[in-house]
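Welcome, and thanks for taking a look. Here is a short briefing to read alongside the structure.

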Amino acid sequence: MSNLKLTTRISHVAVLFICIVTLLMGSTLYKVFTLKTAPPIQLIKATPPATSFSKQLATRGQIIDRRGRLLAASRVGHKVFVDPALVEDFSAISFELGKALSIPPAKIEQQLRSTPGSRYVVLKKLVTPKEEKAIRALKHRCVGLEERLVREYPHGDIGGSLIGLVGTEHTGLAGFENRYNEKLTGTAGTFVRQRDRKRNTLWVSPSDYNPKTDGVDLQLSIDIVIQDIASSRLLEEVQRCNAGGGRIVVANPITGEILAMADILNPREGWSQQPDDPNRAMDVRLGRNRCVTDPYEPGSTFKPFIWSVATQLGKAEADEVLPTPLNGPYRTSFGRSIRDVHYYGPASWEKVLVKSMNSGMAIVSQRMTHKELQEAVSRFGFGESTHIGLGGETKGIVTTPANWSDYTQTSVSMGHEIAVTPLQMVQGFSAFARDGTVPQLQFVLATDDDVMFVRSALTSEIAAMTRKIMGKVMTEGTGQKSQSELYDLFGKSGTAQLPRADGKGYFEDRYIASFIAGAPINDPRLVILCVIDDPDKSIGHYGGVVAGPVVRDVMDQSLQYLGVPPSVDYLTTSSD
Amino acid sequence: MARKLIFTIIVLSFAMLELLVVRQAQINTVHSMATLHRKIEANNEAINVLKVQIEEACSPSALAKSISTENELHEQP
């Protein structure tokens with residue numbers, strides 16, 4: 001009986017216990033429910049939001065040179081902003097911020113008070129790590145640090161106009177930054193975090209997480225060391241000659257890769273860039289890259305192209321003696337007077353190129369039909385884009401067949417009445433350094449899988465012959481002052497009159513001096529073109545005197561840097 | 001019947017406790033992941049800054065400057 005009673009009592013206690021537990025759990029659930037659905041205002045005010053939306057900045061792709069050296073890279077920086085609505089004491093906060101950011105407190109206070117109603121006042125767009133630490137130490141609710149991307153250019157101005165720059169939104173504005181903006185730009189990531197009262201991350205739902213995608217790196221064909229060699233030597237020469245400007249292009253003729261390219265303007269009285277480039281005044285990197293955009297008259301540097309095609313067409317043999325004048329100008333069949341710098345009398349077709357004789361070029365050009373000469377111009381790529389992919393590239397200026405006259409025929413054979421860009425010149429000249437084919441120029445590093453697009457301009461025999469004769473230009477002709485003591489160069493100088501800005505003819509005593517060369521002659525590794533705009537005539541104006549030494553020095557230093565053994569026995573030469 | 005009920009309650013309570021422990025472990029893991037993620041980001045950022053500094057120090061102009069300074073020092077008697 002007593003056992004039954006005990007059992008009954010236990011049952012009652014158990015039921016009571018269950019009831020109490022159920023009640024407690026029920027009340028807890030009810031509380032949770034009410035807190036979730038209708039929390040009290042005091043609680044909302046006292047607790048920060050349970051979730052927060054975060055943005056992950058995607059890093060912009062790096063730009064690196066052909067050897068993997070960093071040319072442009074992004075890092076995360078911070079800007080400081082203040083929410084004036086949360087500021088309790090403007091003077092106190094201004095004083096503290098002024099101390100942390102090294103800005104006069106009065107200026108900060110004025111800035112905060114001058115924008116009533118604003119919740120976002122940026123005090124400094126980019127803070128240093130030290131300033132960032134000081135701001136974090138303040139721990140003010142009204143002060144915030146916002147992440148932003150910062151683009152760094154570790155090599156400063158070297159290759160600046162090629163690499164370009166980014167704007168405040170981190171989008172490319174010029175150069176490669178602009179050309180490959182889509183590839184370099186990444187996609188920002190987003191995620192929603194559940195946070196506790198101390199704002200620690202509690203939970204990130206997979207569906208609320210979109211990871212960032214960083215931009216793709218870009219490897220250029222540019223070599224920053226050769227770029228530095230080329231641009232500093234060019235600058236030196238432009239300053240020495242008090243020239244209006246200068247341009248230089250260094251290319252590998254075998255792969256068509258551009259290794260260096262520089263465009264310098266000398267803000268000198270009496271010479272201005274034509275057409276005007278207001279963007280350049282703001283930032284050199286925003287201006288036109290004249291190696292790509294601005295054609296110039298090549299003068300005698302154009303002669304090898306016509307010379308080689310005429311030879312290939314059988315219009316003249318290298319050893320054929322032409323009736324070039326002994327003194328005084330040569331008169332063409334249509335009465336045009338052609339002047340030479342020096343008169344040598346009857347000279348071989350080879351000597352015409354070595355001594356850069358206008359009369360000889362005019363004689364042989366008259367043996368060619370207009371169509372043959374027009375084709376000679378176009379087979380090297382003149383008059384059309386190089387398709388290198390840089391913005392603003394021009395095709396140069398080539399007289400149309402309809403306007404092509406006998407006068408044009410003789411002018412073009414001497415490199416007049418035609419305008420080419422430095423890029424076109426380097427591309428065409430590469431045919432002599434190769435087997436007569438013209439390579440596709442490129443700025444992005446070529447890989448083994450890349451298909452090289454080439455066009456045939458000359459037979460390999462004619463290309464080799466022209467190269468050999470251009471080697472004599474360096475030893476016996478107009479390039480003697482530009483001959484290297486280390487490497488056998490082949491090249492050609494050019495001096496053309498400077499066209500007037502109004503398009504009405506040329507200046508009588510102002511010039512564009514240029515020089516183009518390749519080396520070593522037996523196994524060409526580099527082709528370099530230098531153009532000096534309007535050098536001071538009293539210092540020098542011939543291509544072989546002004547631009548040639550630049551090409552020689554850049555060639556010497558670049559080939560040594562590339563580990564190419566000297567092709568001239570310079571030890572013997574120097575001991576002589 | 002009552003014994004079965006008590007037993008069920010106790011088992012269910014333990015099961016709920018275990019679930020709470022698992023949930024807490026999950027939260028701790030996510031928190032650690034978030035912390036680690038931030039550390040990785042910070043380290044990557046530091047690497048980026050270092051890369052730029054190394055590049056600046058090794059740039060042709062900086063090297064030329066160092067070499068000329070070195071040469072000047074050697075030329076001094």
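How much area do chain B and chain A bury between them, and what part of it is on carbon and sulfur atoms? About 2,000 Å² is buried between the two chains, with 66% of it on carbon and sulfur atoms. Please keep in mind that this is a predicted model.

**Where chain B meets chain A**

- Val52(B), Glu55(B) and Pro60(B) provide 25% of the area that chain B buries against chain A, more than any other three residues.
- In terms of contacts, 23 residues of chain B touch 28 residues of chain A.
- There is 1 salt bridge between chain B and chain A. Lys212(A) forms a salt bridge with Glu41(B), and the closest N and O atoms are 3.7 Å apart, inside the 4 Å cut-off.
- Polar contacts across this interface come to 3 residue pairs, with both residues at pLDDT 80 or more.
- On the side of chain B that touches chain A, helix 1 (2-57) and helix 2 (60-75) of chain B each supply at least two residues. Helix 1 of chain B gives the largest share of that side, 20 residues.
- Sorted by class, the side of chain B that touches chain A holds 11 nonpolar, 6 polar and 6 charged residues.

- Helix 17 of chain A has 12 of its 12 residues buried, so it is largely enclosed by the rest of the structure. Among them are Pro422(A), Gln424(A), Gln427(A), Phe429(A) and Phe432(A).
- At 1.5 Å a residue, the 12 residues of helix 17 of chain A should span 16 Å, and the end C-alpha atoms are 17 Å apart, which agrees.
- Helix 18 (residues 460-475) of chain A passes the corresponding check: its 16 residues should span 22 Å at 1.5 Å a residue, and its end C-alpha atoms are 23 Å apart, which agrees.
- The buried residues of helix 18 of chain A include Ile462(A), Arg467(A), Met470(A) and Met474(A).
- Helix 17 (422-433) is one of the elements covering the buried residues of helix 18 of chain A. Others that take part in this cover include helix 12 (303-312), helix 13 (349-354), strand 21 (490-499) and strand 22 (506-519) of chain A.

**A buried histidine in a loop**

- His170(A) sits in the loop between strand 6 (165-166) and strand 7 (172-174) of chain A.
- Why does His170(A) count as buried? Its relative accessible area is 10%, and buried means under 20%.
- Setting aside neighbours within four places in sequence, His170(A) is in contact with Arg60(A), Ser74(A), Leu149(A), Val150(A) and Arg151(A).

Note on methods. Residues are numbered from 1 along each chain as its sequence is written. Chains are lettered from A and ligands numbered from 1 in the order in which they are written. This is a predicted model: local features need pLDDT of at least 70, side-chain atom pairs count only at pLDDT 80 or more; totals for chains, interfaces and linings use all residues. Side-chain values use heavy atoms; hydrogens and water are left out. Helices (H or I, at least four residues) and strands (E, at least two) are DSSP runs, numbered from the N terminus. The expected span of a helix is 1.5 Å times one less than its number of residues. Buried means under 20% relative accessible area, exposed over 50%, partly exposed in between (1.4 Å probe, protein chains only). Contact means heavy atoms within 4.5 Å. Buried area is the accessible area (1.4 Å probe) that two parts lose on being put together, summed over both. A salt bridge is a side-chain nitrogen of Lys or Arg within 4 Å of a carboxyl oxygen of Asp or Glu. A polar contact is a pair of N or O atoms within 3.5 Å; within protein, one must be able to donate a hydrogen and the other to accept it, and residues adjacent in sequence count only if both atoms are side-chain atoms. Ala, Val, Leu, Ile, Met, Phe, Trp, Tyr, Cys and Pro count as nonpolar, Asp, Glu, Lys and Arg as charged, and the others, Gly among them, as polar.
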